[in-house]
Amino acid sequence: MTVQTLKIGKREFVLLPKRDFERMAAQARRQNEQDRQDAGDVAESRRRRKAPGGITLAEMRKKLRR
């Protein structure tokens, strides 16, 4: 990947081939989707942990040993 920097005024910009930009953008979208899924999984886990009627791992082990 060939990258060039360009300075306009006090701001710096990076120029790169469109194909590389599209690949990076697609990777960022996939990562964003994964992050949202992970956040949803964490929220679901917290909700289930707070819900009444659940059993602990120790209780499950006792039930399975019977």
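Hi everyone. Let me start with a definition: a residue counts as buried under 20% relative accessible area, as exposed over 50%, and as partly exposed in between. Glutamate 33, at 46%, therefore counts as partly exposed. Please keep in mind that this is a predicted model.

Now the overall picture. The chain has two strands and two helices, and along the sequence they come in the order β-β-α-α. The radius of gyration is 24 Å, well over the 11 Å that the globule rule gives for 66 residues, so the chain is more spread out than a compact globule. Its C-alpha trace spans about 70 × 25 × 15 Å along the principal axes. Of the 66 residues, 3% count as buried.

Next, charges. There are 19 positive and 9 negative side chains, and the centres of the two sets lie 6 Å apart. The structure holds five salt bridges, and I'd like to walk you through some of them.

Back to glutamate 33: this residue pairs with arginine 36, with the closest N and O atoms 2.3 Å apart. The two are three residues apart in helix H1, residues 18-50, which means about one helical turn separates them.

As for accessibility, glutamate 44 is partly exposed at 28%, arginine 47 is partly exposed at 49%, and arginine 48 is exposed at 57%.

Conventions: Residues numbered from 1 in each chain as written. Predicted model: local features only at pLDDT ≥ 70, side-chain atom pairs only at ≥ 80, totals over all residues. Heavy atoms only, no water. Helix = DSSP H or I, 4+ residues; strand = E, 2+ residues; numbered from the N terminus. Rg over C-alpha atoms; globule rule 2.2 N^0.38 Å. Buried < 20%, exposed > 50% of the residue type's maximum accessible area, 1.4 Å probe, protein only. Lys, Arg positive; Asp, Glu negative; His and termini not counted. Charge placed at Lys NZ, Arg CZ, Asp CG, Glu CD. Salt bridge = Lys/Arg side-chain N within 4 Å of Asp/Glu carboxyl O.
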